[in-house]
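Here are my notes on the model, point by point. Please read them with the structure open.

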Amino acid sequence: MTPTTMTFFERFEADILAGKKTITLRDEAEKYYVPGSVVTVSTFEEGREFCRLEILSVEPILFDALTDYHAEQENMTLDELKEVIQAIYPGIQQLYLISYQLKGLLKVN
Ligand SMILES: CC(=O)Nc1ccn([C@H]2C[C@H](O)[C@@H](CO)O2)c(=O)n1
């Protein structure tokens, strides 16, 4: 079944809404997103919905193949990006690069 939701750590919300963060790198468990589908995005911490994203592509990529270009799309340096990924997924090699575009903001209650 096509996933319809995605979570992000709250600290990345502003960058996503500003269009500064246009990819995310996830593990095996999140490789099932479907290009063309739209997902509702909420914060991991509180489950607060804040936007909708259209999934543009999902591609496998190895941790060791990450470059400055990927970091730029995450609005980070490559060192920062690698540190973030290792903190979330210790020791991971196989990642999935999910690119997306902002489809709409969700109203704050
Ligand atoms: C909250 C959750 O379930 N998982 C993740 C995994 C990754 N991210 C962010 C962190 C980096 O910007 C990229 C690369 O992994 O994606 C996230 O916000 N939440």
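1. A term to begin with: two residues are in contact if their C-beta atoms, placed from the backbone, lie within 7 Å. Leaving aside neighbours within four places in sequence, Lys-21 is in contact with Phe-12, Asp-15, Ile-16, Glu-74 and Asn-75. Lys-21 sits in the loop between helix 1 (13–17) and strand 2. Helices (H or I, at least four residues) and strands (E, at least two) are DSSP runs, numbered from the N terminus.

2. Some ground rules. Residues are numbered from 1 along each chain as its sequence is written. The model is predicted: local features need pLDDT of at least 70, side-chain atom pairs count only at pLDDT 80 or more, and totals for chains, interfaces and linings use all residues. pLDDT is the predictor's confidence in each residue, from 0 to 100. The protein chain has a mean pLDDT of 97, and 98% of its residues reach 70 or more. For the complex, the predictor gives an ipTM of 0.86 and a pTM of 0.95.

3. Now the fold. The protein chain has three helices and five strands. From the N terminus on, their order is β-α-β-β-β-α-α-β. Contacts between residues 24 or more positions apart make up 69% of those with a separation of 6 or more.

4. Next, overall dimensions. The C-alpha trace spans about 40 × 30 × 25 Å along its principal axes. The radius of gyration is 13 Å, which agrees with the value near 13 Å for a compact globule of 109 residues. That radius is taken over C-alpha atoms, and the globule rule is 2.2 Å times the number of residues to the power 0.38.

5. UniProt, in an unreviewed entry, annotates residues 6–104 as "domain: ASCH". UniProt positions are given in the numbering used here, feature names are shortened, and annotations may be inferred rather than shown by experiment. Over residues 6–104 the chain is 22% helix and 38% strand. The end C-alpha atoms of that stretch are 14 Å apart.

6. Which residues does the record mark as "active site"? The unreviewed UniProt entry places that feature at Lys-21, Thr-24 and Glu-74. They span 54 residues in sequence, yet no two of their C-alpha atoms are more than 7.9 Å apart, so they gather at one spot.

7. A residue is buried if 20 or more other C-beta atoms lie within 10 Å of its own, exposed if 12 or fewer, and partly exposed in between; C-beta atoms are placed from the backbone. Thr-24, in strand 2, is buried, with 20 such atoms. Lys-21 has 19 and is partly exposed. Glu-28, in the loop between strand 2 and strand 3 (38–43), has 12 and counts as exposed. Of the 109 residues, 14% count as buried.

8. What surrounds the ligand? The shell is Thr-7, Phe-8, Phe-9, Phe-12, Thr-24, Leu-25, Arg-26, Phe-44, Glu-74, Val-84, Ile-85 and Ile-88. A residue is near a molecule if its C-beta atom, placed from the backbone, lies within 6 Å of it. Strand 1 (5–8), strand 2 (23–26) and helix 3 (78–88) each supply at least two shell residues.

9. One backbone detail to check. Asn-75 is in the loop between helix 2 (68–73) and helix 3. Asn-75 is not a glycine, yet its phi is positive, about 55 degrees. Most residues other than glycine have a negative phi. Asn-75 is partly exposed, with 18 C-beta neighbours inside 10 Å.
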